Every structure is written in C-alpha cells, then in structure tokens.
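This report describes selected features of one protein model. The sequence and structure are shown first.

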Amino acid sequence: MMDKALSDRKVKSVVICGHNGKFCGGADIREFSSPLTGPLLIPVIQGVESAAKPVVAAIEGVALGGGLELALGCHYRIANSKARLGLPEVHLGLLPGAGGSQRLPRLIGVPAALDLITTGRHVTAAEALQLGLVDRVTDRNTVDEAVKFALSVADQSPQSRRISTFPCPRHPDLDALFEDVMQRVRQRARGALAPVACVRAVRAAATLPFPQGMERERELMATLFTSGQARAQQYHFFAQRAVGRWSMPSGARWDKTKPVAVHKAMVIGLGTMGRGIAVALVQAGVSVVAMETNEKQLTDAKQAISSMLERGAKRRGVAPALDKIRYSSDHSRRSRSALTGGP
Ligand SMILES: CC/C=C\C/C=C/C(=O)SCCNC(=O)CCNC(=O)[C@H](O)C(C)(C)COP(=O)(O)OP(=O)(O)OC[C@H]1O[C@@H](n2cnc3c(N)ncnc32)[C@H](O)[C@@H]1OP(=O)(O)O
C-alpha cells in the first residue's frame, strides 16, 4: 500500500494513520520469542523517510515503541490532544531499536531524549508539542486534520524534514552530561542492562553520524534482544495482565469483589521469608501467631523479628507493635485454632 502511494505520480502527499483510533502500540511483543515475520521495521521506516513526497503521521490513541519510531520516520506528526506517545522498550529489556534512539535526540535534544528513552514514560500530546516531538495537536478529527495538512505541504520537498539528516542539537558539555546520567541510570537500574544500553545508544546519536549511530544501536539491541532479562521483562508484561484477569472458580474477581478485612493471621515457619511476612503483617496492624517447630530457629526468629519491628517503628517515629505478635512451637490443632479464633 505504502509502496503504491509513494510510486503513484497522482499522489502528492501521504498520511499514515492507525486503525480503531490508535496509531500504533508498537511491535507485537509475542513475536520477540519466535522468528520474526513480515517486513522489517527499519527498512520500512527508511523507505518512508526517504520518500520524495511529504508523509504525515496522524497520531491518535497511542504511538508507542515501533509505532513512535515509524512516526519519527514521517516528515510531519499531527497528534490528537488525547494521544500518548513514548518509547517504552526499556520496560521490555530492550532499547528503541528501529532508529528511535538515533532520531529522537536529533529531534528533541539529548537531555529530553535520554529522559524519555531511559524511563520509557509516555508523554501527553501537549508535552509532545512542547518537546517538539509533534508539529501540531488537534482536538478535531486527527485524520481529517492530517489530510488537510498533507495537502497544504504537498508541493514542498520533504528534504529538510528527514530527521536522520538533522545534526544532534549541541550541548555545552556532553561528557559531563553522559557521565552524570549514566551514574544516575546505573543506580536506578540496579543491574538491569537495558537502561544502560539506552544511554549508550543515545550517546552514539550525539557523537556519531546517523549511519554509524544506527550500527551502534543495532549492536546494543543484539546484546539485549536474547538476554534473560528481556525474556523476563516481556514475560512480566503478559503476567501482569493475566493477573488482572484472574478469577476464582466461583467467578469472583479481585477487581469486582469487596475486600474482607484480615485481623489475625498465622505464619508457619520462621525462616527468612516467614520472618519478613510476620513483620509486614504486624506493621499492617494484623495480630500474628508466628509458629516454628525448631526451638533454635524460633529463638533466633524472635530476636530478629523484634529488632526488625523496632527498627521499622523508629524509622516511622511510632512505638513498635511487639504486643501484636505471639510465638508458638506447638503445631497442634489447638494453636492453629487460636489463630483462626475457632474452637
Ligand atoms: C529491530 C527493531 C525491533 C523492534 C522495534 C519495536 C519494538 C517495540 O515496539 S516493543 C513494544 C513497544 N510497545 C509497548 O511496549 C506497548 C505495550 N502496550 C501498552 O503499553 C498497552 O497495552 C497499551 C497502552 C497499548 C494499551 O493499554 P490498555 O488499553 O490498558 O490495554 P492492555 O494493556 O490491557 O492491552 C490490551 C491487550 O493487548 C495486548 N498488548 C498490548 N500491547 C501489546 C504488544 N505490544 N504486543 C503484544 N500484545 C500487546 C495486551 O497483552 C492485552 O492482551 P490480553 O488482554 O490478551 O492480555
């Protein structure tokens, strides 16, 4: 379709829009764990950007990940006022690997691009306009507005609108900027590879010509793509949504059911986990019977739990709720029924 529009002499300018009010949420994450099919995104975006006629992105709903990278390949971006834009790949253990790490800094500057790419945060259309990420925001029908706009620029060459040809906006002290950002990102990342690779990719945009920057983006993406971290984060994406849908065999769901207040609980086994659970429950105001059959473990746990409660209370400036916890080494029915308040 795109090839047809670009090669048809009667077509003077082109609008790319989404379906059902959404521009594009990005690549299908499920495809990342199987061999890729369909046209590869990088050449598609390059084809759009190098088109001899103006191409306008009509952004409604979301333009995320590969979706925003495609919009960055267009010569103009018109966004609906309710649209959200972002490069959230970092949350999937990746970086914007279809030119996003190279085009975004060229368009909005290095500091703003570092912020968006390393946090993966979505921005509103209003913020996108302020950043220079979009050219125009509309409250009206976005596609109609984009078509009007495309007609108004149909006789203009898109030459000066190709982001890959933009120099990266200059920054007075790039080395200091990247040193500072890298330090903060490493601290926040706590061992995650993707945020650090994102900083390296943006550095390539700031210091290398576009083709070499793209090559660096590709190398960095290759190290992330098959990493265990990326697999885990992508699993987490779907797991989070599956949990949201979880229901009991009776049909009860977490979001449709009234919560029941818990006043008493028993923690069985006072190893590291059990101790932490007991402390968390007491701090939440729950009366706890902490049960451990190993006498030595029980003695150690009493000491550890008391000092955790005291430390926590000191931090919060309150008295430690030591009276909320009772210890037992008796695994008999009697001690269990004491917890549940039964006979
Ligand atoms: C060489 C270069 C290679 C690749 C470049 C490109 C990379 C990418 O584009 S990575 C993907 C980047 N995009 C994202 O991370 C967006 C992720 N999605 C979202 O943030 C949200 O889903 C949404 C804002 C798009 C919509 O939110 P909401 O309306 O709240 O719906 P849900 O989140 O519940 O999602 C509905 C439904 O869709 C599934 N889904 C959403 N996004 C994707 C996706 N990118 N790939 C696959 N599936 C997706 C989501 O799992 C839900 O499905 P289920 O209900 O079956 O769980």
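## A residue in helix α13

Glu-310 is located in helix α13, where helices are DSSP runs of H or I with at least four residues, strands are runs of E with at least two, and both are numbered from the N terminus. The model is predicted: local features need pLDDT of at least 70 and side-chain atom pairs count only at pLDDT 80 or more, whereas totals for chains, interfaces and linings use all residues. Residues are numbered from 1 along each chain as its sequence is written, and side-chain values use heavy atoms, with hydrogens and water left out.

With a relative accessible area of 38%, Glu-310 is partly exposed, a class between buried (under 20%) and exposed (over 50%), computed with a 1.4 Å probe on protein chains only. Apart from neighbours within four places in sequence, Glu-310 contacts Pro-320 and Leu-322; contact means heavy atoms within 4.5 Å. Asp-8 is 302 residues from Glu-310 in sequence, and their C-alpha atoms are 75 Å apart.

## The annotated span

An unreviewed UniProt entry annotates residues 265-331 as "domain: 3-hydroxyacyl-CoA dehydrogenase NAD binding". Positions follow the numbering used here, the feature name is shortened, and such annotations may be inferred rather than shown by experiment. The span is 51% helix and 19% strand, and its end C-alpha atoms lie 15 Å apart.

## Sheet and packed helices

An open sheet of 3 strands has the order β8-β9-β10 with parallel pairing; two strands pair if DSSP finds at least two bridges between them. Because β8 (264-268) and β10 (325-328) are edge strands with a single partner each, one side of each has no neighbour in the sheet. Neighbouring strands are turned by 20° against each other on average, direction ignored. Strand β9 (residues 287-291) pairs with β10 over 4 bridges in the parallel sense, and Met-291 stands opposite Ser-328 in β10.

Helix α13 (residues 295-316) packs on this sheet, touching β9 and β10, and its direction makes about 170° with that of β10. Helix α12 (residues 272-283) lies across β8, β9 and β10 and runs at about 170° to β8. Axes are lines fitted to C-alpha atoms, for helices over the stretch in contact, with angles from 0 to 180 degrees between N-to-C directions.
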